[in-house]
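Hi there,

Here is the structure I promised to pass on to you. Have a look at it first, and then read on for what I found.

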Amino acid sequence: MTTTRGKHFIQSLKDGRSVWLNGEKIEDITTHPAFTGTLRTLEKLFNMLDEPGMREKIGFRSPKTGEYVHNAFLIPTAPEHLKQRKEAFKIWADATFGVMSRLSEFGRTLITSWHATSEMFRQYDERYPEKIRRFYEIARDEDRFVIQAFGNPQIDRSKDAAGTSDPDAHLRIVRETSEGIYIKGAKTVATGAPYAHDLIIAPNYRVKDTHPEYAHALIVPLNAQGIHIICRESYASTDIDEHPLSAQFDEMDAVIVFDNVFIPWDRVLLHGNPEAVWKFYNTLKSNALTFHQTVVRLVSKLEFITGLGIALAESIGVDSFLNVQEKLGELIVQVESIKGLLHASEIVTQKDQFGMLTPSPIPLQTARNLGMRYYPRAIEILQQIGAGGYTQTPSTTVENSGEIRAYLETYYRGAAVSASQKIKLFKVAWDIVGSPLGSRHELYERLYAGEASRMYALQYLASDKTALEKRLERFWTITEERRNEP
Ligand SMILES: Cc1cc2nc3c(=O)[nH]c(=O)nc-3n(C[C@H](O)[C@H](O)[C@H](O)COP(=O)(O)OP(=O)(O)OC[C@H]3O[C@@H](n4cnc5c(N)ncnc54)[C@H](O)[C@@H]3O)c2cc1C
């Protein structure tokens, strides 16, 4: 069996990209310790598409090349396609225990659904359907790792592009030629950018008609001249015993600076039309296919957290206490309710006018909104169960503890596990509860889909409230009837 895809993916990142960390430009991210652990994880995921038995589960044969390509590119037209998509998402999500959220399936799913529904935007640009079809085929057949960034830098949120005195505070088109456009500004947050191939960009607000240069939907290659990928501090660890999650799954977040970057026309999906670009962004914000992927990942992560909670409780013999059982029960309620919503979304599917079958968005939107509040609570429960145990974990494994090994074996053992097992367990739990990576994850789950109050408000605004309002009308009717009864 030859598994070359992962290697090919790693090699493809030596493409002249400009990645900045700790004030230095990284010449080759594939050998840099801030990235090697995560890249090894991604390499294994890519290899799955070469493995007989596995590739059929996560992929399908490209009609163009005959090679296996990821199911995120499968256009669903029947319920079994949604199942195939889900299986692929779950296998990849489980491979990182839901900890890595940007494995490119979200971006790939966006491209797939835009391609499947491309006629929707022909009215704004005759070439749009052809552009998106071409990129879809390239992304599918060349294993492109696609991510997205919609925010502008957090400079002054009280002003939009029209209100700010700095024209570069929001990403804008500075020049147009017969070959393409030039853009200037920055975009954020771009999770996964140092090792992604392409970045999807659109403004996350309705640009005013007076400032069309800020309205654009683009797919930008991240090695383009003039792009700088500025990373946050790395949370990656090179010590897999001490930080088992950080050593494997630190997906980097970055701000992307565009210093007069040229974008050829075939990568400019829409531009100069605030209404069209706003509609485009909104199709993205209500995209049931991407919601489906994010909820599959959420299930995977909550399952992992719940398993951790149970193991922690058992390891220190607190699982028989009612208050702890209540907390473990709450974790199980979280998993089961999100799984239930995922299932519900697949039962009430809908076909759009282009023939694409999508899961029902409302249960998925509900699951995403619940996830923003579930996750911080799940972490709080892990804190409450492990309690002071997190600060009693030694800075070594039992096996490496040398002269003090006998003390560790005696005083760090658990109720039902050895000191070695208990220390390992608490180190994993701390990596998601209290490490820099863990803190970033809590922030991520609170915010990745948008800020919670806005997302809840959006669910309220978008919901069909008629049936709920009718309930009250019915109440007034029967109350009136009762009042008039003899
Ligand atoms: C770890 C992490 C990874 C992420 N990865 C990605 C990614 O890969 N791609 C991507 O596109 N996005 C990503 N995001 C960004 C995410 O979508 C945003 O964080 C989210 O939309 C909130 O925007 P903001 O962070 O810019 O907050 P801001 O908009 O700056 O908000 C700051 C505070 O001000 C309030 N506020 C701001 N504007 C208003 C207003 N007009 N009215 C009332 N209150 C307001 C907010 O409620 C909030 O409390 C990521 C975020 C995190 C934390």
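Predicted model: local features only at pLDDT ≥ 70, side-chain atom pairs only at ≥ 80, totals over all residues.

In total, 17 residues surround the ligand, and the closest are Gln148, Gln154, Arg157, Val189 and Thr191. Both domain 1 (5–284) and domain 2 (286–469) give residues to this shell, so the ligand lies between them. Strand E5 (146–149) and helix H14 (436–447) each supply at least two of the shell residues, and the largest share, four residues, comes from H14.

On threonine 191, an N or O atom of the side chain lies 2.8 Å from a nitrogen atom of the ligand. Leucine 447 takes part through its backbone, with a polar atom 3.5 Å from an oxygen atom of the ligand. Of the 960 Å² of accessible area that the ligand has on its own, the protein covers 63%.

I also looked at glutamine 123, which sits in the loop between helix H5 (105–116) and helix H6 (128–141). Its relative accessibility is 59%, so glutamine 123 counts as exposed. A polar atom of its side chain lies 3.4 Å from the backbone oxygen of methionine 120. Glutamine 123 and alanine 276 are 153 residues apart in sequence, yet their C-alpha atoms are 9.1 Å apart in space.

Best wishes

Key:
Residues numbered from 1 in each chain as written. Heavy atoms only, no water. Near = heavy atom within 4 Å. Polar contact = N/O pair within 3.5 Å; in protein donor to acceptor, adjacent residues only side chain to side chain. Areas by Shrake-Rupley, 256 points an atom, 1.4 Å probe, with all protein chains shown as cover. Domains from an automatic or database assignment. Buried < 20%, exposed > 50% of the residue type's maximum accessible area, 1.4 Å probe, protein only.
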